[in-house]
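Please examine the sequence and the three-dimensional structure below.

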Amino acid sequence: MSYTIEKEHLKSIFLNHQLEVAEETETSIRFKKRSLIDLYFPEENLESLKKYLEIKEEFENLHFETTLISKNYREELVDVINHLTSRLIFWRDEKFIFGTESEVDTFSIIDNCSDNYAWNKLENENFVNYILERVRMMRGDGDFLKFTKRLFTIKVYNTNQNSAENNLKFTNSIIDSCVFSFSSLKQTSINVVETFFKRRRVREQKEEIFKIQTSNNFNFPRVKINPHLLKFYQLASSTEFESHKFLSYYHILEYFFLSVSDQNLYEKLSRRINDPKFRTTSQGLDKVIQDINSHKSENDETEMLKNVMAKYVNEDELIEFIKEYETLINESIYTKKRTVFGNEINGANLQSGHIFGPISKHIKAIRNALVHSSDRHERNDRFIPYSKTSMETVKTQIPILKFLAEKIIISTAE
């Protein structure tokens with residue numbers, strides 16, 4: 001058997017990734033990229049690919065890029081959420097079975113990804129890049145399917161639905177329940193991974209909005225920063241969870257809500273009392289009381305946030321940062337009207353005197369979405385942890401929070 005069709009299928013994929021055919025026989029093919037990548041497809045691989053191509057049309061592209069689904073089967077990529085705090089749980093060839101394996105009844109398994117999963121995702125650009133990166137780093141014998149067995153998936157068998165779309169709806173609750181059971185009983189939280197892992201290239205790191213100082217020489221500190229703010233900053237900088245980053249940077253701004261608010265009231269009352277026309281009459285004291293009551297009713301957290309920025313952040317520097325950041329990401333996330341987690345926010349006018357209000361509303365909308373998850377009514381626009389859309393929305397907000405936090409730490413140093 002020559003496996004001509006299968007080898008041509010592989011060539012159509014890997015030759016487009018600057019790999020070359022280094023060796024080809026009737027029952028195997030090897031691709032190489034200089035001395036960096038050596039990827040081998042022995043006969044067992046090609047026989048497996050042959051079987052997949054015969055049933056390829058059963059699978060449809062639905063849901064996430066990591067999803068494999070047909071009318072009767074579903075497979076999703078899963079992983080431990082935090083590798084630093086979780087014990088090693090996934091080992092090659094280990095199975096976690098939900099229910100009883102059967103030819104007809106529905107059951108689920110978490111184990112190495114299936115061959116069909118690997119062949120299906122081989123047509124996904126991100127998956128190919130992931131595999132090639134793994135081959136480059138791990139070296140070894142380069143057997144393709146052996147590399148894919150480092151990926152773990154959850155599989156649901158014998159679902160017997162009349163369409164892939166219906167199967168998606170039918171298996172959502174099954175997968176959620178299995179993930180919860182595993183996380184609870186094994187004391188290691190896992191989740192469904194929506195996108196294939198991507199390695200940040202050096203070029204992408206250079207495009208960061210915050211430039212890394214190349215020199216190892218620093219100015220000797222002449223001021224004392226607030227140690228509590230430093231702890232919040234360290235937590236924000238070190239956590240891998242975007243929502244935690246956002247809230248920790250936000251805590252630095254929030255730290256001064258009351259002090260700035262009180263200072264504004266003190267200044268207002270001082271102006272009132274120091275006015276030569278002021279008298280401690282009923283009318284004069286009523287105005288003082290009115291100032292205090294008005295301050296309490298008007299000073300909500302969005303206003304407090306605005307006041308903190310106005311006191312400690314240079315407006316022109318913030319405007320310049322927003323211009324640079326929007327140019328970098330090629331998206332007007334602050335200067336055009338948009339809806340953020342159900343809140344419609346007007347675009348900011350990048351002019352002095354007009355920037356702090358819209359930005360404070362923008363930041364507060366994200367903060368509220370992260371903190372509140374009320375079940376009073378179902379909101380499709382609420383923040384959902386680990387969902388791609390929610391996490392990307394929060395991720396794009398991190399740079400401005402980091403910028404504001406650093407400016408406030410510097411401005412409040414003694």
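Which residues does Leu318 touch, not counting residues up to four places away in sequence? In this predicted model, where local features need pLDDT of at least 70, side-chain atom pairs count only at pLDDT 80 or more, and totals for chains, interfaces and linings use all residues, Leu318 touches Val313, Ile355, Phe356, Ile400, Phe403 and Leu404; contact means heavy atoms within 4.5 Å. Residues are numbered from 1 along each chain as its sequence is written, and side-chain values use heavy atoms, with hydrogens and water left out.

Leu318 also belongs to the largest nonpolar core, which has 48 residues. A nonpolar core is a set of buried Ala, Val, Leu, Ile, Met, Phe, Trp, Tyr and Cys residues joined through side-chain atoms within 4.5 Å; buried means under 20% relative accessible area, exposed over 50%, and partly exposed in between, with a 1.4 Å probe and protein chains only. The members that touch the most other members are Phe246, Leu318, Ile355, Ile359, Ile400 and Leu404. Among the helices that each supply at least two residues of this core are α13 (315-329), α14 (356-371) and α16 (398-411). Helices are DSSP runs (H or I, at least four residues), strands likewise (E, at least two), and both are numbered from the N terminus. The largest share of the core, 8 residues, comes from α16. Apart from this core lies another, of 34 residues, among them Phe31, Cys113, Leu122 and Val128.

Helices α8 (residues 227-238) and α9 (residues 242-254) pack with their axes 8 Å apart, at an angle of about 165°. Axes are lines fitted to C-alpha atoms, for helices over the stretch in contact, and angles run from 0 to 180 degrees between N-to-C directions. The angle therefore makes α8 roughly antiparallel to α9 (over 145 degrees). On the α8 side, the contact includes Leu229, Phe232 and Tyr233, and on the α9 side Lys245, Tyr249 and Ile252.

Two residues complete the picture. Thr106 lies in the loop between β6 (96-98) and β7 (107-112) and counts as partly exposed because its relative accessibility is 37%. Thr106 and Thr159 are 53 residues apart in sequence, yet 5.8 Å apart in space, C-alpha to C-alpha. Met138 lies in helix α4 (residues 125-138) and is partly exposed, with a relative accessible area of 40%. Leaving aside neighbours within four places in sequence, Met138 is in contact with Phe147 and Arg150.

Key:
Parallel < 35°, antiparallel > 145°, perpendicular 65-115°, else oblique.
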